[in-house]
Amino acid sequence: MKTIIDSNTGKVLYATSIETELQENEIEIDALLTESFVNPYWNFDTQTFYEGATQTEINDVRIPQALEIDLYYTGLISELLRKHIEKLSIDGIAIPQSVIDERYRLRAECNQKILALGITNFSYRQQNLKL
Amino acid sequence: MSKSIQERLKKLEYLYRCLCNTSSGGGTEEPQGPPRRLIVSNTGSTVTGTVAETILTSMLVPANTLDAVCDLFITLDYNKTTANAIPIRLYYNTSNSLAGATQISLYSTGSVRNGGFNRKFVVKGTSMDLITTVPTTSQLNNQFVDAIFVPSTVITIAPTGNMFFIFTVANDTVGTTFTNKRATVEKMKLS
């Protein structure tokens, strides 16, 4: 597996394990991109990858991804609780602790995935009516 | 030739026609409908160890393979080891490279681990209608879907030269493995 980069700018173009036709401005390196960057570049001096996107560009990409994750987990939690809330409100049957524990686990998993995107400010949730 | 032999021969001819599904007018009939033929298939390639956009498979359609008027069918059956979204992109290029390639499809996979990505393109000479509005909008399948109410995207292709259809993926983490179960390019000749 090789990473193809622009030899002039260091911009990461793509990676491949098959033989491709390199253009004049392209070189291949053995290092592989292992960290998720919005606009990855290669530093020829330090031999490392770095983020070339601005914070605005990062937010433009990451917030929709975070929103997608949020909505997915919101759906899972709503489905998990729907029947139990019905039982609680009509029959007065308490929600089982195992269900509440599962809800906390799903919320933690959701937050972990969003933090992994590099987002620490969750204010975008306030602008979405479903969250 | 005696009359009984002639009658026997006629019966044998009739039975032969029934077995071969041919008409009494003589000659073998062509199979009904335009033939759909496999041009190239590729299987088993994987992407792992990087989160960069990576070529999963590249399929060569040799020069002059396409007919002047034909439908092109491109498929990818895949498996991924993560529940996170992974974008699948399909490019067209005249060389085996992503440099200068035209993106013609995108699907951002959901949480499910397996899927079948299908595209039908309408080829007329050097134009290829993508039967979709924006090829950078996520779509699993562009067949059997509702009508689109705006012009579809048409790109220019060069079927007299080699053509490459390249699938790429960008894994969410280095531990994810994305597998190409089978990718195909087929054509259906219409003229």
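## A tour of the chain A and chain B contact

Start with strand β2 of chain A, residues 12–16, which pairs with β3 of chain B in the parallel sense over two bridges. This is a predicted model.

**The interface**

Now select both sides of the contact. Chain A puts in 19 residues, and chain B puts in 19 residues. Together the two chains bury about 1,500 Å². Of that area, 58% lies on carbon and sulfur atoms.

Which residues of chain B lose the most area to chain A? Pick B:V51, B:I55 and B:N96. These three account together for 28% of what the chain B side buries.

Show strand β3 of chain B, residues 54–61. This strand supplies three residues, the largest share of the side that touches chain A. Then colour the chain B side by class. You will find eight nonpolar, 10 polar and one charged residues there.

Turn to the polar pairs. Seven residue pairs make polar contact across the interface of chain B and chain A, with both residues at pLDDT 80 or more. How many salt bridges lie between chain B and chain A? The count is zero.

**Chain A as a whole**

Chain A holds five strands and two helices. Follow the chain from the N terminus, and the order is β-β-β-β-β-α-α.

Zoom out to see the outline. Along the principal axes, the C-alpha atoms of chain A fill a box of roughly 75 × 30 × 25 Å. The radius of gyration of chain A is 22 Å, whereas a compact globule of 131 residues would have one near 14 Å.

**Last stop: a helix in chain A**

Select helix α2 of chain A, residues 97–116. Show the side chains of A:E102 and A:R105. They meet in a salt bridge, at 3.1 Å from N to O. Side chains of opposite charge can pair when their charged atoms come close. Why are A:E102 and A:R105 about one helical turn apart? Because they sit three residues apart in helix α2 of chain A.

Methods
Residues numbered from 1 in each chain as written. Chains lettered and ligands numbered in written order. Predicted model: local features only at pLDDT ≥ 70, side-chain atom pairs only at ≥ 80, totals over all residues. Heavy atoms only, no water. Contact = heavy atoms within 4.5 Å. Buried area = accessible area lost by both parts, 1.4 Å probe. Salt bridge = Lys/Arg side-chain N within 4 Å of Asp/Glu carboxyl O. Polar contact = N/O pair within 3.5 Å; in protein donor to acceptor, adjacent residues only side chain to side chain. Helix = DSSP H or I, 4+ residues; strand = E, 2+ residues; numbered from the N terminus. Nonpolar A, V, L, I, M, F, W, Y, C, P; charged D, E, K, R; others polar. Pairing = 2+ DSSP bridges. Rg over C-alpha atoms; globule rule 2.2 N^0.38 Å.
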